[in-house]
Amino acid sequence: MIRRLTSTDASEIASLHIRSLPRDFLPSLGYKFNRILYENILQHTSTQAYGYIQRGRIAGCLVGVSDTNSLFKKIILGSWYKFIPLLIEKILRKPAVAIHIFETAFYSKSSYHQTKAELLIICLNSPLRRKGIGRKLVSYFKIHLKQHGIKSFIVSAYTHNIPANKFYVSLGGKLINTFIMYNKLWNVYELTANNGKK
Ligand SMILES: CC(C)(COP(=O)(O)OP(=O)(O)OC[C@H]1O[C@@H](n2cnc3c(N)ncnc32)[C@H](O)[C@@H]1OP(=O)(O)O)[C@@H](O)C(=O)NCCC(=O)NCCS
């Protein structure tokens, strides 16, 4: 079953994100940071999130946004004080973290794209992968965008995340840009909000 997610689901989404992408930068900031981040993301009016529910738990999720710039601006201006105490210890231990946090906060500018809508994260528990659930979650997001007159959206993936890159290409994603963040190369894909392949 797929259902809409709200800010009350932030805790499960944070855990799923950390479990699914354990070597990524945001998961490295810890559960509490990610929970608060998702609470903020899910409270924003332009956010859409869907969960694949298995035995009452969120086993897969997609979080998308129709205006990334306004989301990040709101989080930075409205909630910076919630994140600072959680980050100080990590920055003192590893100063490079401060640069990565800056890159995250101003991420939307680093890829120089025009499309405002964005798929921020999609992840599934590993036994559920390659069963068409990811594609289904994306189709829910596309339907929402289409209903709101939005024709396309972007998504970024580390170039070394081969399954994710193949997934976006299989959905009709067109590689429109690359950029470097967290010292890693990222691909930016643009996808149409029309259902089915491009
Ligand atoms: C990326 C992810 C969400 C894909 O979801 P999924 O449910 O496994 O993907 P689907 O089953 O809907 O696959 C749709 C198509 O994408 C392609 N694809 C998906 N996973 C693939 C893989 N591991 N290798 C090659 N192609 C793949 C295939 O073309 C597939 O169609 P097919 O199975 O008929 O050949 C999932 O692998 C995942 O959660 N990965 C870990 C988290 C992650 O990397 N998220 C992306 C961050 S940018």
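A residue is buried if 20 or more other C-beta atoms lie within 10 Å of its own, exposed if 12 or fewer, and partly exposed in between. The model shown in these views is predicted.

**View 1. Lys-73, a partly exposed residue in helix α4**. Lys-73 has 13 C-beta neighbours inside 10 Å, so it counts as partly exposed. Its helix, α4, covers residues 68–93. Now find Ile-180. Lys-73 and Ile-180 are 107 residues apart in sequence. In space, their C-alpha atoms are 21 Å apart.

**View 2. The shell around the ligand.** The ligand is surrounded by 19 residues. The closest are Arg-129, Gly-134, Arg-135, Pro-163 and Ser-170. Which element gives the most to the shell? Helix α8 does, with 5 residues. Sorted by class, the shell holds 9 nonpolar, 5 polar and 5 charged residues.

**View 3. Helix α7 and its buried side.** Helix α7 has 15 residues. From its first C-alpha to its last it reaches 22 Å, close to the 21 Å expected at 1.5 Å a residue. Its buried residues are Gly-134, Leu-137, Val-138, Phe-141, Lys-142 and Leu-145. They cover an arc of only 145° around the axis, so they sit on the same side of α7. What do the buried residues of α7 pack against? The list is β1 (2–4), β2 (47–54), β3 (57–65), β4, β5 (152–158) and α8. After the helix comes Gly-149, with a positive phi near 75°.

**View 4. Phe-167 in helix α8.** Phe-167 lies in helix α8. Is Phe-167 buried or exposed? It has 20 other C-beta atoms within 10 Å, so it is buried. Now locate Gly-134. Along the chain, Phe-167 and Gly-134 are 33 residues apart. Their C-alpha atoms are separated by 8.4 Å.

**View 5. The largest nonpolar core.** This core has 41 residues. Ile-13, Cys-61, Leu-62, Val-155 and Tyr-168 touch the most other members. Leave aside its neighbours within four places in sequence, and Cys-61 is in contact with Leu-5, Ile-13, Leu-16, Ala-49, Tyr-50, Gly-51 and Cys-123.

**View 6. Helix α1 and what covers it.** The buried residues of α1 are Ala-10, Ile-13, Ala-14, Leu-16, His-17 and Ile-18. Their cover includes α2, α3, β3 and β4. Two of the names link back to the previous view: Ile-13 and Leu-16 are both in contact with Cys-61.

View 7. Helix α3 spans residues 31–43. How far apart should its ends be? At 1.5 Å a residue, its 13 residues should span 18 Å. The end C-alpha atoms are 18 Å apart, which agrees. The buried residues of α3 are Phe-33, Asn-34, Leu-37, Tyr-38, Asn-40 and Ile-41. Their arc around the axis is only 160°, so they share the same side of α3. What covers them includes α1 (10–20), α2 (25–28), β2, β3 and α4.

**View 8. Two loop residues with positive phi.** Arg-130 is found in the loop between β4 and α7. Its phi is positive, about 65°, although Arg-130 is not a glycine. Arg-130 has 11 other C-beta atoms within 10 Å, so it is exposed. Tyr-182 is found in the loop between β6 (174–181) and β7 (184–192). Tyr-182 is not a glycine either, yet its phi is positive, about 55°. With 15 other C-beta atoms within 10 Å, Tyr-182 is partly exposed.

**View 9. Arg-23 in the loop between α1 and α2**. Arg-23 is exposed because it has 8 other C-beta atoms within 10 Å. Where is Asn-161 relative to Arg-23? Along the chain, they are 138 residues apart. Their C-alpha atoms are separated by 11 Å.

Conventions: Residues are numbered from 1 along each chain as its sequence is written. This is a predicted model: local features need pLDDT of at least 70, side-chain atom pairs count only at pLDDT 80 or more; totals for chains, interfaces and linings use all residues. A residue is near a molecule or strand if its C-beta atom, placed from the backbone, lies within 6 Å of it. Helices (H or I, at least four residues) and strands (E, at least two) are DSSP runs, numbered from the N terminus. Ala, Val, Leu, Ile, Met, Phe, Trp, Tyr, Cys and Pro count as nonpolar, Asp, Glu, Lys and Arg as charged, and the others, Gly among them, as polar. The expected span of a helix is 1.5 Å times one less than its number of residues. The arc is that of the directions from the helix axis to the C-beta atoms. Two residues are in contact if their C-beta atoms, placed from the backbone, lie within 7 Å. A nonpolar core is a set of buried Ala, Val, Leu, Ile, Met, Phe, Trp, Tyr and Cys residues joined through C-beta atoms within 7 Å.
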